[in-house]
Amino acid sequence: MDEASVLENAIRYLTYLQGQVDLLEEQARNPTVRVKKSQLVVDDEGSSWNEQQSPPSIEAQVCDKHVFLRIRCEKRKGVLVKILCEVEKLNLGVVHTCVVPFGSSSYDIIIVAENEEEFSLAVKEIVQNIYAVLQRAV
């Protein structure tokens with residue numbers, strides 16, 4: 001290779017790198033984060049919750065490949081395991097889980113999960129699947 005072709009390739013590569021820098025700077029100035037959010041609203045008629053139990057509160061947010069779940073439900077043996085199994089059935093890997101007792105008879109559960117690929121399941125479906133698990137656990 002002669003010096004002229006080495007210089008030409010170096011100039012092309014520097015031009016390419018400058019374009020990448022410009023693109024990254026533009027993205028940094030205008031950050032876009034897509035967040036999809038769903039919250040469950042329970043209709044008391046026809047539900048399996050009795051008078052002493054309150055229906056669960058389930059909130060889900062999706063941002064790219066990450067899913068944030070917040071669940072408030074009655075304390076029951078094995079409820080966390082059932083919820084985590086359902087999350088894994090949805091092809092999500094659990095990254096973080098936090099369970100906090102809320103009062104004497106409830107749990108406040110936070111789960112952060114991620115999918116290896118772009119998320120394709122609707123947020124509402126995640127909430128409905130978790131709700132179904134909690135209904136079966138009654």
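The following questions and answers concern a predicted model of one protein chain. Residues are numbered from 1 along each chain as its sequence is written, and side-chain values use heavy atoms, with hydrogens and water left out. Local features need pLDDT of at least 70 and side-chain atom pairs count only at pLDDT 80 or more, while totals for chains, interfaces and linings use all residues.

Q: In what order do the elements of the protein chain run from the N terminus on?
A: Helices (H or I, at least four residues) and strands (E, at least two) are DSSP runs, numbered from the N terminus. The protein chain has three helices and five strands. From the N terminus on, their order is α-β-β-β-α-β-β-α.

Q: Is alanine 60 buried or exposed?
A: Alanine 60 belongs to strand 2, which covers residues 57-63. Buried means under 20% relative accessible area, exposed over 50%, and partly exposed in between (1.4 Å probe, protein chains only). Because its relative accessible area is 0%, alanine 60 is classed as buried.

Q: How far apart in space are alanine 60 and valine 127, C-alpha to C-alpha?
A: In sequence, alanine 60 and valine 127 are 67 residues apart. In space, the C-alpha to C-alpha distance between them is 6.5 Å.

Q: How many disulfides does the structure hold?
A: A disulfide is a pair of cysteine sulfur atoms within 2.5 Å. Cysteine 63 is partly exposed, with a relative accessible area of 23%, and cysteine 85 is partly exposed at 42%. The number of disulfides in the structure is zero.
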